[in-house]
Structure formats: structure tokens, C-alpha cells
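Okay, thanks for coming, everyone.

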Amino acid sequence: MAGLLLAAAGAFAQPAPNFDQMEVHVLPVQGNVSMLVGVGGNIAVQVGKDGVLLVDTGYAQTADKVYAAIRKITDKPIRYIIDTHVHPDHTGGNEKLAKLGSTITGGNVVGDIGQSAGQGAAVIAHENVLARMSAASPGQPAIPFDALPTDTFAGAIKNLYFNEEAVRILHVAAAHTDGDSMVYFRRSDVLATGDLFTPGNYPIIDLARGGNVQGIIAALNQIIGLSVPAEKQEGGTYIIPGHGRLCDQADVVEYRDMLTIIRDRVQASLQKGMTLEQVKASKPTFDYDPLYGASTGFWTTDQFVEAVYKSLSLKK
Amino acid sequence: MHPNHRVRGTGGWLLLAAVTACLPAVAQRDPSGEWAPRFHEDQPERIPGPEIGDYLGLPITDAARLRGDSWDASLLTLPEHQCKPHPADYGPRGPANLRIWQEIDKATQQLIAYHTHISWQAPERTIWMDGRPHPPEYAAHTWQGFSTGKWEGDMLTVTTTHLKIGWIRRNGIPRSDRATLIEHWIRHENYLTLVSIVHDPVYLTEPFLRTTDWVMDADQQIAPYPCESVEEVERPVGAVPHHLPGTNTFLSEFPARYGLAPQAARGGAETMYPEYQLKLKAAGKSAPAR
């Protein structure tokens, strides 16, 4: 989220985070999965006999803190990193954490090209993440080669089996960006959503990188469809959002309802022929602003309404 | 609705003051047992259910009012909404046959926690009595929240945080997940009174106070309450029933039916207090003809 600031400095005015003051907190979720909080985007950590799998890596500047937190959980090597999307508060730690890991290799690979093939953890992402990270951003330094995904996929799903459980990587088209993935740990019954779900603020719709409000709503409905609450509509499948507290389906339902209602209001205004300024003046988010809105910072309510309006104005 | 129901909350403060003034200084009054609810307070809201657009006596913000105006009861037909229990602050208001029991540490015989079970949707709470801290901000929120209790004289005072987003009234008036619930459980022999105060910095302008009562019923049997969601209405995936702003034609029915001034039905902190009726009279805004 704040990665938008780093990726598009100048477009947003929020001051840079104070990395020295950031602390990593470890919250065991269930099964093999824990959640690391406090260093940019949330990080999901799956740990077992085969090693460590990370979903996202936080900021580059806090990678050492993340590694230290992982070492408090296990001494197993980092084998996989999965990037949920391109922003640097989720991918910034790729380079350092991947280097500290190792890929499981063997057979012809090691025999043909040597032991170096096993050096560094594999970094998995949708191919649009690689494309976005490889593309030059005006005014920004190039992203180091070693921070880039090593293993991309193009379709809707990529599956792994790691630490004795199925790990399903589910791509969602044109939502927060055009390269979003959710990661579902099937035995642990934990879903890491990246910034498709951020319960403390309105969703960030990165239009410049292919985002669209309709895609986020579709993703939220997909999360609701994938998750199964336990008794009394609580617990069951746990959901690690891109930012904010640990959640479950009921929290996603509340958020989906909010976003759908706001989308419908803006859509109705569009159908009446209202301009963007008229839509903003109508305050379509008024009742939700105390919960999710912001008048300052890098993602204000005004920007959110504008992104919704522009999403719905795009020709299909 | 009886006129007395229009000024909810104020009586509760007076009751709390009266009750606490009479408390003996010693002796914790264990609330454990089987308790049958009494509905002499706010019965029309609690059992038949509140009417659309009835925000009387609620110290709500303008944002909360718009949430209420936009709310469509059809929302509750969505499968993902069907099995939600009432949250901790609303559960006692419903069909709330109540069981309270102790959790005792075997070794020390010290009280670790009270547990509660309520009949409708069978929500269960734990009220920790062992001094443990509340969880960090990034921990999950739940329908019943995280509760800790302490004795103040013979009154059990409970503080609850980490609540999911819930409701102040079952007609769409929300309560946020940043709210704190303060409860005072007061037992007088075979009567149990709960004084409940919701502090919500998001959707309330003042603390919202309610009182609820039970009578001991040692032979009470609470039935199970399984819940399985079903597809009640065929809709497109992701459809969320709601009213667009300015289109909810049902809002005018409540004040018209009861002969209330329409602005009174809109709620707000001033509608909690008796002086509000005088203000209405002084302004000459009497109720419309019935």
C-alpha cells in the first residue's frame, strides 16, 4: 500500500515510513501458517519440515527484521517467496530474503549447471508482476535483478505442494493491480490476500498498473466463496489481509458489502450523467468514511472515489 | 410504541446511579446460573424487532444515520449473513435465555473466567478474570470480542474490545469495530441486571447505555441452535441489497404510524433526553395527524 508512495514518488505526499521504528510481530494463525505484521504489507509464513514459504516480503529496508523474526519460528531455509503483487511494501524484501534461502534442486538441474542452481529461494509471481517490476518507473531506480520473480505463471492458478499441504496461488485479473494473486493454504485453511483486502482503509485501486474496482469486488466475492466459516459465522478459514488485523469471512463480507454499495452509488450517478466533480460532491462514501476514509496521506477518500469513477467509466 | 420507549438510555443512567449507590461494599455476587430474560424494557424493539427508520433515542452520527437509511432487510437473506450471531453488546437484547458458569483453576481454585451462553444463535463469551491483557491491535476481532472482568464491590464490571463490526439497532444502525463495551453485571438474589454502555468513536456521539434484566430459572433448558445457510433468493453473484441514498420510501412509515415528529425519528443524542420533547413542543413541530 505505502509502496505506491515509493513506486510513484511525487504522486503521493505521505512521508516515507520510519523503518528504524518498525517492529515485526509474529501472530500464529493456524496450522502451518503465521502472520508477520508491522513492516509494510502483512507477510504470511508457512513453516514445516520442507522449509519456509513466504507470501510477500515487506519493505527492502526491513528485510533483516523479517529474517530475524522467521529465525525465531524455525531454523529451516526459506524455499519459496510468493509475491501477491508488484508494490514494494510487499516485494521490497525479495532480494535479501531470497538470497538467504535456497531452492530445492536436483537431478539434471544440479548435474548440468552446478550447485549454484540451488542458491536463493524461488520467487513466484504472476507474469504481470515481473513485467511491472522490470519496466522502468520514471524517476525511480531500476529494481535489482535479484529482486525479480524467478518463476512466473500466466494462467489463473498455480499449485504447489509444500510442507505437506496444497498451496494454491490464485490470480485475480485487474483488481488492485493487474498482477494480483491470493495464496490459499488448503490444509491450514488460511488465505493470504495481498492488497485485494485491506480492512482498515478503502481499497487502493492502482489504475496506472491495471487496477479496477470491479476486479476488487470480484476478488472479495472469490474470497467469500473460498472461505468457510466455522460455527456461528466465525473463524474457520482465516484471512491474512494485505494490511491490518487478522480476519475471517465475516470481516470480508462487511468490506465487500461496503465496496459494492459504494460502487452501486457511483454507478447510479454515472448513469445519470454526473461528472466526477458532481459525484465527489454527492459524497457517495459518506457513511463509511469514519471507518475507511482519509482526508490526508497518499490514498485519500477523494482519490478512492475518483478511482471508482474512472474504473466504471472505462469502456469494456 | 409507548412514549416511554422514546427516551431510551437516560433511565439507564439513573438506574445505574441508583443501583450502585445501594451496593454493599463487600461480597462478590457470583452471577453463575440459569437466567430467563425479561422484556419489560424496550420490548417492541427487542422481540418483534425495530421498525425501519426508527432511530429514536440513539446518539448516532450522520454517517450512522445514512447507514441505517441505506440498509435493506433483504441483506439478511444472503447466505453469508444468515448465521451471524448477535455481537456481545446486542446478544442480551434478543431472545436471551442465559447461562453463566465459572472456569476454576484446579490447582489454585482461583477463578480464571466466566463463560456465558445465550440461546439465540448460541453465542458464547469468555470473560477473563485472571488479569490477562487484551490482545494486540492486529489480533482477530470476533462477534463476542475479548472481555476482561473485575469486581467493583459486588458488581462485576467487564470491558470488551476486539469486536467485529456489529449493530446498535437491528435496522441497519451500525456499531464499529473500534467500539469498547463496558458492562456492569449486578445480581440481587434471583434477579440479574446488566448495564451495558457502548462507546463507539465512529458511529456514536455519546456513550449509549441500555439495561437488561433476567430472573433466575434453575430448571431452564436451553436448546441447541444449529445454523446452516441456504440460498433463499436467486441473485447475481455479489449482489448486495441496499437502498440508494434518497430512495428508501419506508423511512417515513415509522413516524407516521406512531404520530411522531419526523425529525424525532431520525435520532441523535438530543433525542435521548426528556428535554427533547419540550424542544419539539416549543418549536411547534407536533406530530403529523395519524
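This is a predicted model: local features need pLDDT of at least 70, side-chain atom pairs count only at pLDDT 80 or more; totals for chains, interfaces and linings use all residues.

How does the radius of gyration fit with a compact globule? For 316 residues you'd expect a value near 20 Å, and chain A comes in at 19 Å, so the two agree.

The accessible surface of chain A is about 12400 Å², and carbon and sulfur atoms make up 52% of that. As for contacts, take the ones in chain A with a separation of 6 or more: 66% of them are between residues 24 or more positions apart. On charge, we've got 25 positive and 32 negative side chains in chain A, and the centres of the two sets sit 2 Å apart.

Next, helix α11 of chain A, residues 301-313. Quick check on its length: 13 residues at 1.5 Å a residue should span 18 Å, and the end C-alpha atoms are 18 Å apart, so that agrees. Its buried residues include Phe304(A), Val305(A), Val308(A), Tyr309(A) and Leu312(A), and Thr301(A) and Ser311(A) are on that list too. What do the buried residues of α11(A) pack against? Four helices of chain A: α7 (213-226), α8 (249-271), α9 (276-281) and α10 (289-292).

Staying in chain A, look at Lys232(A), in the loop between α7 and β12 (238-241). Is Lys232(A) buried or exposed? Its relative accessible area is 12%, and the cut-off for buried is under 20%, so Lys232(A) counts as buried. Look at what Lys232(A) touches over in chain B: Cys83(B), Pro85(B), Gln121(B), Ala122(B), Trp143(B), Tyr225(B) and Pro226(B), leaving out residues up to four places away in sequence.

Last one, over in chain B: Asp69(B), in helix α3 (residues 62-70). Asp69(B) is buried as well, because its relative accessible area is 13% and the cut-off is under 20%. Leaving out residues up to four places away in sequence, Asp69(B) touches Tyr55(B), His243(B), Asn248(B), Leu251(B) and Arg266(B). Arg266(B) is 197 residues from Asp69(B) along the chain, and their C-alpha atoms are separated by 9.7 Å.

That's all from me.

Methods
Residues are numbered from 1 along each chain as its sequence is written. Chains are lettered from A and ligands numbered from 1 in the order in which they are written. Side-chain values use heavy atoms; hydrogens and water are left out. Helices (H or I, at least four residues) and strands (E, at least two) are DSSP runs, numbered from the N terminus. The expected span of a helix is 1.5 Å times one less than its number of residues. Buried means under 20% relative accessible area, exposed over 50%, partly exposed in between (1.4 Å probe, protein chains only). Contact means heavy atoms within 4.5 Å. The radius of gyration is taken over C-alpha atoms; the globule rule is 2.2 Å times the number of residues to the power 0.38. Accessible areas come from the Shrake-Rupley method with a 1.4 Å probe; for residues, only the protein chains shown count as cover. Lys and Arg count as positive and Asp and Glu as negative; His and the chain ends are not counted. The place of a charge is taken as NZ of Lys, CZ of Arg, CG of Asp or CD of Glu.
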